[in-house]
Amino acid sequence: MISKEQCVVDNKDSKLVVDGQGFKELVGAGLSWLRHHQEVVNALNVFPVPDGDTGTNMVLTMQSAWDEVAGSDEVHVGLVAHRVAHGALMGARGNSGVILSQIWRGLAHGMEGKSVVRGPDLAHALREGVDTAYRGVIRPVEGTILTVIREAAEEAELAAGQSEALLYVLERAVSRAEDAVARTPHMLAVLAEAGVVDAGGQGLFIILQGMLRCLKGEGVWNEVYTSRAVELAGAVHVHGEDEYGYDVQFIIIGKDMDVLAIREHIDGLGDCALVVGDESTIKVHVHVPDPGVPISYGASLGSLRDVVVEDMQAQSQEFSVARQGPPIVPKPLDVNEIASVVVAPGDGLARVFESLGAAVVIPGGQTMNPSTQEILHAIESVPNERVIVLPNNKNIIMAANQARDICKKQVVVVPTRTTPQGIAALLAFSQQVDLETNAQVMVRAMQDVRTGEVTVATRDVVLNGVQVHSGQVIGLLDDDLVTAGDSAAEVTRTLLERMDPAALEIVTLYYGSDVSSDAAEEFVEQLQDDYPDLEFEVLEGGQPHYFYIISAE
């Protein structure tokens, strides 16, 4: 456990003050606490698709921030905050991670020149964080992480007017942040319909709560470091093989069940316990070393449904391998030409982009959002001064924009939200016209494509009027959940009907890593028989989680 002495530098007259080392401890505690609750945040995805990665993106963003200061003995809080902000900026992944990095950037600006931080300093820094984060979003939406940081800052400013104690100001800010998270479904109808709070806002609250726990001398889960001596030596503790265990989820169907008693029992079995429901239906989520224990307990209370057991160590290793990916090898280009940098979620799709002239393909997509630094590295890996970036995922656009703003080259981000949009945009690209004209043409081209995605639901939900059960196959049309069924073929056919096949000419199916080439080709032959007026293509996509990605135009 991190001691109060490690966090607090000066406790004179109850006016808690921290210097750079104390602030570093708070950042590490925020990361530890967030990592401990990572899967809980991931589970708050609005759509029941296997890409709920907000918690993962925020953890990786915080880890990058921590890495900047882990071995530093700097005592000036303004300098430490600046390094934290730089690390968060370069490591930012996903929309929530990018907004989080902007919050850290504002905090650093607010602490600039400060040797220590007191309550009023924190309030001022949080206000700077709010202003920077809101400026970084083209169309700010309330009911998100932005609302949570804004209300936390407002409460901190009120508290700072009553006391200079850092602890008091942070306690008030954390309490208000928690309340703001609870109210996010009242601000965004889609959250209320999905029955969740905003994931990014919850992640931010957890970070602030971890910092508060550190300041109060309470425990956080030390998965980031072991002691200050280790940190100063530059060694950062990471998960060992026995630290992951199993992620267990199930639903209990019973009678007259005591939710509070069950929650208390499950909480005692492991970590990240989440028990919600009523006396007849209870959803359980917990991380445990032995998955049989909670499952047996649940079975003793009633019948079990939707039992899911996942080996988190294996997941971590798969994620690490996927994140490393193949080395970025720029395609030879004339330095005077325009280079294109694209993100692709599978080897097959990467080959498609390469065949269309992409200079660099970054492995990434759902559950594997590349960081700002990775995108920046890809841009800088080509000798060309003019570069077009295709993020091909709505959750990567902000990181791409951030990389563009950092880079000294002429960079344009074409805001492609899906892989088919990226392919259509690249098909419209021409070396015969300038950067700006290409960007305009590519934007028009991407708008002419419709995207369908076929995957498996990760939880029960009613969304957009569609009732979904965990384990069902679901279909998304242009990022909206529109159908659910019992097979990938059934859902794909429904998506095609929703696309108005009479208005289409060409349909391309990119099959994922879980679909064999024979099965995909046989299915497309059936579709061709059913829709003789359409031209069908089938190509290997290699994308994880998604049976098919459909491009229709």
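**Entry 1: α17 and α18**

I looked up the crossing of α17 and α18 and found that it is right-handed, a crossing being called right-handed if the near helix is turned clockwise from the far one by less than a right angle, and left-handed if anticlockwise. The model is predicted, with pLDDT of at least 70 needed for local features and 80 or more for side-chain atom pairs to count, while totals for chains, interfaces and linings use all residues. Residues are numbered from 1 along each chain as its sequence is written, and side-chain values use heavy atoms, with hydrogens and water left out.

I then noted that α17 (residues 372-380) and α18 (residues 397-406) pack at about 55 degrees with axes 8 Å apart, where helices (H or I, at least four residues) and strands (E, at least two) are DSSP runs numbered from the N terminus, and where axes are lines fitted to C-alpha atoms, for helices over the stretch in contact, with angles from 0 to 180 degrees between N-to-C directions. That angle makes α17 oblique to α18, since angles under 35 degrees count as roughly parallel, over 145 as roughly antiparallel, 65 to 115 as roughly perpendicular and the rest as oblique.

In the contact (heavy atoms within 4.5 Å), I listed Thr372, Ile375, Leu376 and Ile379 of α17 against Ala399, Ala400, Gln402, Ala403 and Ile406 of α18. By class I find seven nonpolar, two polar and no charged residues there, with Ala, Val, Leu, Ile, Met, Phe, Trp, Tyr, Cys and Pro counted as nonpolar, Asp, Glu, Lys and Arg as charged, and the others, Gly among them, as polar.

**Entry 2: α9 and α11**

I next checked α9 (residues 166-187) and α11 (residues 199-215), which pack at about 155 degrees with their axes 9 Å apart, and that makes α9 roughly antiparallel to α11. The crossing is left-handed. The contact includes Leu170 and Val174 from α9, and Phe205 and Leu208 from α11; its residues divide into eleven nonpolar, three polar and two charged.

**Entry 3: the sheet**

I traced an open sheet of six strands in the order β13-β12-β9-β16-β14-β15, with mixed pairing, two strands being paired if DSSP finds at least two bridges between them. β13 (480-485) and β15 (535-540) stand at the edges with a single partner strand each, so one side of each is left without a neighbour in the sheet. The twist averages 20 degrees from one strand to the next.

Within the sheet, I saw that β9 (residues 450-456) and β12 (residues 473-477) pair in the antiparallel sense over five bridges, and that Glu453 has Leu476 in β12 as its bridge partner.
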